[in-house]
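Subject: Handover of a structure and its findings

Dear colleague,

Please find the structure below, together with its sequence. My notes on it follow, and I would be grateful if you would read them with the structure open.

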Amino acid sequence: MTELHITENDIPRLDGKVAIVTGGCAGIGLATTKILTSKGATVIMADLASPSETVENATWVKTDVSSWDSLKATFKAAGRVDIVVANAGILGDPNWLDDKLDETGELMKPSTSVIDVNIVGVAMCIKLGVSYMRKQGSGGSIVLVASGIVYEPGAKVPLYAASKFAVTGMLRSLRQSLINEDITINAVAPGVTSTQIVSSFEAVFAAKNEPMGTPHEAGLAIVYSAVAREKSRIPATGTTTEDAVNKQSGRWNGRMIYTLKGMFTETEEPFLALKNQWVGEKAFQEMKTQELLFHGPAFPARV
């Protein structure tokens with residue numbers, strides 16, 4: 001794995017940049033907002049709830065990320081968009097598989113709000129972000145917030161786990177094409193972090209003297225992902241880390257940083273480097289052939 005050491009000194013000035021942070025009024029989103037504004041960016045805090053504190057150069061726009069019209073209005077209010085952080089998410093009902101009956105004794109349809117917020121909301125943020133960045137013609141950065149649950153799925157929240165795997169899938173699907181337009185897409189997968197979403201677990205962690213990660217740590221990884229540079233690239237379709245085309249430097253793209261109690265680890269490059277081991281060498285060679293036939297040889301120029 002690729003261990004990183006990230007501090008605020010690794011983040012450049014962002015004067016003149018405009019960022020939209022969904023779920024930006026609390027937790028990881030608020031921490032991200034504070035880091036962005038401390039570097040000179042203007043931030044739209046897209047959230048249903050009002051901010052718990054005032055942040056200079058940040059404006060709250062009431063937003064329901066599961067609503068296209070609401071999200072579209074938020075982007076319109078921003079005017080210009082250089083950075084999109086798709087952070088808003090909900091945990092869902094841990095008792096989702098329990099039967100709930102209506103007044104006639106019939107099984108009720110379970111809530112799918114986790115899918116609406118965590119998958120549809122993220123997809124619509126990407127759609128709007130790319131649209132604005134294309135019109136502006138100056139590229140941009142999109143950062144998705146996944147979860148450490150993609151490395152160790154939680155048995156109690158199956159829809160939440162599925163939604164974060166979906167976010168990871170969006171990252172992997174789009175990282176090769178968007179960079180052609182100078183738009184980077186990356187993700188951050190926070191381990192258990194002290195936010196409202198996991199507040200019911202804080203007593204359990206405290207009883208075992210087990211600290212949670214902080215929102216600031218996750219926020220650092222998010223902003224870093226939007227602005228960092230890389231010495232080599234995530235392997236393009238049908239290639240490996242050893243191919244010359246992947247040894248070019250450029251903007252940080254297609255990567256995911258796992259954050260856990262002050263540790264930062266980039267996981268996508270080592271994951272792909274082991275592909276031949278987890279599918280077998282013969283299947284790996286066939287996979288490369290099919291990837292090229294299906295996707296085409298896309299080797300974007302570095303920017």
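Predicted model: local features only at pLDDT ≥ 70, side-chain atom pairs only at ≥ 80, totals over all residues.

Asp15 and Arg13 form a salt bridge in which the closest N and O atoms are 2.9 Å apart; a salt bridge here is a side-chain nitrogen of Lys or Arg within 4 Å of a carboxyl oxygen of Asp or Glu. Asp15 counts as partly exposed because its relative accessibility is 49%, whereas Arg13, at 52%, counts as exposed. For these classes, buried means under 20% relative accessible area, exposed means over 50%, and partly exposed lies in between, with a 1.4 Å probe and protein chains only.

Residues are numbered from 1 along each chain as its sequence is written, and side-chain values use heavy atoms, with hydrogens and water left out.

Salt bridges

By the rule above, the count comes to eleven salt bridges. Side chains of opposite charge can pair when their charged atoms come close. Another of these pairs is Lys34 with Glu53, whose closest N and O atoms are 2.9 Å apart. This pair links distant parts of the chain, 19 residues apart: Lys34 is in helix α1 (residues 27–38), and Glu53 is in the loop between β3 (42–47) and β4 (58–62). Helices (H or I, at least four residues) and strands (E, at least two) are DSSP runs, numbered from the N terminus. Lys34 is partly exposed, with a relative accessible area of 36%, and Glu53 is partly exposed at 35%.

Glu266 and Arg255 also form a salt bridge, with their closest N and O atoms 3.3 Å apart. Glu266 lies in strand β11 (residues 263–266) and Arg255 in the loop between β9 (250–251) and β10, so the pair ties together parts that are eleven residues apart in sequence. Both Glu266 and Arg255 are buried. They belong to a network of salt bridges that links Glu230, Arg255, Glu266 and Glu269.

The chain as a whole

The protein chain has nine helices and eleven strands. Of its 303 residues, 49% count as buried. Among contacts (heavy atoms within 4.5 Å) between residues at least 6 apart in sequence, 65% join residues at least 24 apart. The chain exposes about 14,900 Å², of which carbon and sulfur atoms supply 55%; accessible areas come from the Shrake-Rupley method with a 1.4 Å probe, and for residues only the protein chains shown count as cover.

Helix α4 (residues 158–178) has 21 residues and reaches 30 Å from its first C-alpha to its last, close to the 30 Å expected at 1.5 Å a residue. The expected span is 1.5 Å times one less than the number of residues. Among the buried residues of α4 are Leu159, Tyr160, Val167, Met170 and Leu171. Their cover includes α3 (113–136), β6 (140–145), β7 (183–190), β10 (256–260) and α7 (268–273).

Helix α6 (residues 215–227) should span 18 Å with its 13 residues, and its end C-alpha atoms, 19 Å apart, agree with this. Eleven of the 13 residues are buried, so α6 is largely enclosed by the rest of the structure. Pro215, Glu217, Leu220 and Tyr224 are among these buried residues.

Surface, cysteines and backbone

Phe271, Leu274 and Trp278 make a nonpolar surface patch of about 280 Å². Patches are made of residues with over 30% relative accessible area and no salt bridge; like charges are joined within 9 Å, and nonpolar side chains (Val, Leu, Ile, Met, Phe, Trp, Tyr) within 5 Å. Leu274 is found in the loop between α7 and α8 (275–279) and, at 41% relative accessibility, counts as partly exposed.

The structure holds zero disulfides (pairs of cysteine sulfur atoms within 2.5 Å). Cys25 is buried, with a relative accessible area of 2%, and Cys125 is buried at 1%.

Asp182, in the loop between α4 and β7, has a positive phi near 60° although the residue is not glycine. Lys261, in the loop between β10 and β11, likewise is not a glycine and has a positive phi of about 50°. Asp182 is partly exposed at 25% relative accessibility, and Lys261 is partly exposed at 36%.

Yours sincerely
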